Amino acid sequence: MNTIFRKSMLSIAGLAFAGGVFAGPIAAHANPAVDTKPVAVAVQSAAPKPQGDQSHIDLNDEQTANAKAIIAATKKAGLPERAAVISIATSLQESKLENLGHLGDANDHDSLGLFQQRPSSGWGTPEQITNPEYSTTAFLKGLRQVDGWQDMPLTDAAQTVQVSAYPDAYAQWEQQATDLVAHYWNS
């Protein structure tokens, strides 16, 4: 959850408490004929805390543009900020937010793009997979198929989509992904 939202929610909760403390005695002397029903207040639960030690890299302009492209594709798909956090953390693990082409002998099979998706596994053509909007949309399509992805630990959601040999590696990027989404979601 971004800092501004958290502070806003705490301020609202504080005002509601103060209002209840000061209005309580007055309300007790109010006209009993008036129907006073309790009002329910919805409070958004906090996003899960990042698991384990966190990693961080400084991003160059290309990496920042790719993070913004992931956020834009997530918004276009009508998904919440949490989906963008999972997507960016996944891309940070898979490619450090670099849109990787064929790396020759250093390539992991035929993995390409921001999410290291493989044409041979049905993710799309090399041209599609190296398109940030397409690759993000493909990742999000997989994420939507994971029951309860919104509430599960980031690394579990990412691993269910990616099927990585290192299933716990996604967790280390959650804080940086959360910070990026908080910074760029409304820009």
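Predicted model: local features only at pLDDT ≥ 70, side-chain atom pairs only at ≥ 80, totals over all residues.

Colleague: What does Asn 99 touch, not counting residues up to four places away in sequence?

Modeller: Glu 62, Asn 66, Gly 113, Leu 114, Ile 129, Thr 130, Asn 131 and Pro 132. Thr 130 also has its backbone oxygen 2.4 Å from a polar atom of the Asn 99 side chain.

Colleague: Which backbone oxygen lies 3.2 Å from a polar atom of its side chain?

Modeller: The one of Gly 113. Leaving aside neighbours within four places in sequence, Gln 116 is in contact with Glu 94, Leu 100 and Ser 111.

Colleague: Now aromatics. How many pairs are there?

Modeller: The count comes to one aromatic pair. The rings of Phe 115 and Phe 139 have centres 4.9 Å apart and planes at 10°, so the pair is stacked.

Colleague: Which parts of the chain does the pair link?

Modeller: Distant ones. Phe 115 sits in the loop between H3 and H4, and Phe 139 in helix H5, 24 residues apart. Phe 115 is buried at 0% relative accessible area. Phe 139 counts as buried too, at 0%.

Colleague: What lies over the face of Trp 185?

Modeller: Lys 75, at 5.2 Å from the ring centre.

Colleague: On to the core. Which residues touch the most other members?

Modeller: Ile 86, Ile 88, Leu 143 and Trp 149, in the largest nonpolar core, which has 35 residues. Helix H2 (61-76), H3, helix H5 (132-144), helix H6 (154-162) and helix H7 (174-184) each give two or more residues to this core. H3 gives the largest share, seven residues.

Colleague: Take Ile 88. What is it in contact with, beyond four places in sequence?

Modeller: Ala 67, Ile 70, Ile 71, Leu 97, Ala 177, Leu 180 and Val 181.

Colleague: And why call H3 largely enclosed?

Modeller: Because 12 of its 15 residues are buried. Among them are Arg 82, Ser 87, Thr 90 and Ser 95. The buried residues of H3 pack against H2, H5, H6 and H7.

Colleague: How far does H3 reach from its first C-alpha to its last?

Modeller: H3 reaches 21 Å, close to the 21 Å expected at 1.5 Å a residue. Lys 96 follows H3, and its phi is positive, near 60°.

Colleague: Last one, the whole chain. How many helices and strands are there?

Modeller: Seven helices and zero strands. Buried residues make up 35% of the 187 residues. Among contacts between residues at least 6 apart in sequence, 61% join residues at least 24 apart.

Methods
Residues numbered from 1 in each chain as written. Heavy atoms only, no water. Polar contact = N/O pair within 3.5 Å; in protein donor to acceptor, adjacent residues only side chain to side chain. Contact = heavy atoms within 4.5 Å. Core = buried A, V, L, I, M, F, W, Y, C linked by side-chain atoms within 4.5 Å. Buried < 20%, exposed > 50% of the residue type's maximum accessible area, 1.4 Å probe, protein only. Helix = DSSP H or I, 4+ residues; strand = E, 2+ residues; numbered from the N terminus. Expected span 1.5 Å × (residues − 1). Phe/Tyr/Trp six-rings, centres within 6.5 Å; stacked < 30°, edge-to-face > 60°. Lys NZ or Arg CZ within 6 Å of the ring centre and 35° of its normal.
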